[in-house]
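Please examine the structure shown below together with its sequence. The paragraphs after it form a guided reading.

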Amino acid sequence: RTLHAFAVTHAFGTTRDVREWLAVAEHAGQGFPASLRTLLIGAAPVRADFLRRLAPRLAPATTAWCVYGATEVLPVARVALADK
């Protein structure tokens, strides 16, 4: 709801955070806001089944990145959602 209310353009969340955001979107029958241009997901394994659920909820202009090394520095390595 906050992402929509403030027309967030860039967001970082742990895998758990984004799973919770996704659950809210699925429950509401909506996607992530069209304003969201970049979504960074990290700090835990980002599994393919989760990404398959997430992808249809993102606007076409949203780029999602799975980032690694978030505990040490953000990011050390990144993989595009589409490539993962």
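The model described here is a predicted one. Its chain contains three helices and four strands. The chain has 84 residues, of which 33% count as buried. Contacts in the chain also show how its parts are brought together: among those between residues at least 6 apart in sequence, 64% join residues at least 24 apart.

Helix H2 has 14 residues, and the distance from its first C-alpha to its last is 20 Å, close to the 20 Å expected at 1.5 Å a residue. Which residues of H2 are buried? They are Thr15, Val18, Leu22 and Ala25. Viewed down the axis of H2, these buried residues fall within an arc of 85°, so they line one face of the helix. An α-helix has 3.6 residues a turn, so residues three or four places apart point the same way. The buried residues of H2 are covered by elements that include S1, S2 and H3. On the face of H2 turned away from its buried side are the exposed residues Arg16 and His27. After H2 comes Gly29, which has a positive phi near 70°.

The next topic is the nonpolar core. The largest nonpolar core has 18 residues, and those touching the most other members are Phe32, Leu39, Ile41, Phe50, Leu51, Leu54 and Leu58. Which elements give two or more residues to this core? They are helix H2 (15–28), strand S2 (38–42), helix H3 (48–54) and strand S3 (63–68). With residues up to four places away in sequence left out, Leu39 touches Ala11, Val18, Trp21, Phe32, Leu54, Leu58, Thr63, Ala64 and Trp65.

Charged side chains come next. Side chains of opposite charge can pair when their charged atoms come close. How many salt bridges does the structure hold? There are two salt bridges. In one of them, Arg16 pairs with Glu20, and the closest N and O atoms are 3.2 Å apart. Both of these residues belong to helix H2, where they are four residues apart, about one turn of the helix. Arg16 is exposed, at a relative accessible area of 57%, whereas Glu20, at 41%, counts as partly exposed.

Another salt bridge joins the side chains of Arg53 and Glu26, with an N to O distance of 2.8 Å. This pair links distant parts of the chain, since Arg53 is in helix H3 and Glu26 is in helix H2, 27 residues apart. Arg53 is partly exposed, with a relative accessible area of 37%. Glu26 is partly exposed as well, with a value of 28%.

Thr62 is located in the loop between H3 and S3. Is Thr62 buried or exposed? Thr62 is buried, with a relative accessible area of 11%. Apart from its neighbours within four places in sequence, Thr62 is in contact with Pro33, Leu36 and Arg37. A polar atom of the Thr62 side chain lies 2.4 Å from the backbone oxygen of Leu36.

Pro56 also belongs to the loop between H3 and S3. Pro56 counts as exposed, at 64% relative accessibility. The C-alpha atom of Pro56 is 9.4 Å from that of Phe32, and the two residues are 24 apart along the chain.

Another loop, the one between helix H1 (2–5) and strand S1 (10–14), contains Ala7. Ala7 has a positive phi of about 50°, although it is not a glycine. At 42% relative accessibility, Ala7 counts as partly exposed.

Key:
Residues numbered from 1 in each chain as written. Predicted model: local features only at pLDDT ≥ 70, side-chain atom pairs only at ≥ 80, totals over all residues. Heavy atoms only, no water. Core = buried A, V, L, I, M, F, W, Y, C linked by side-chain atoms within 4.5 Å. Buried < 20%, exposed > 50% of the residue type's maximum accessible area, 1.4 Å probe, protein only. Contact = heavy atoms within 4.5 Å. Salt bridge = Lys/Arg side-chain N within 4 Å of Asp/Glu carboxyl O. Polar contact = N/O pair within 3.5 Å; in protein donor to acceptor, adjacent residues only side chain to side chain. Expected span 1.5 Å × (residues − 1). Arc of directions from axis to C-beta.
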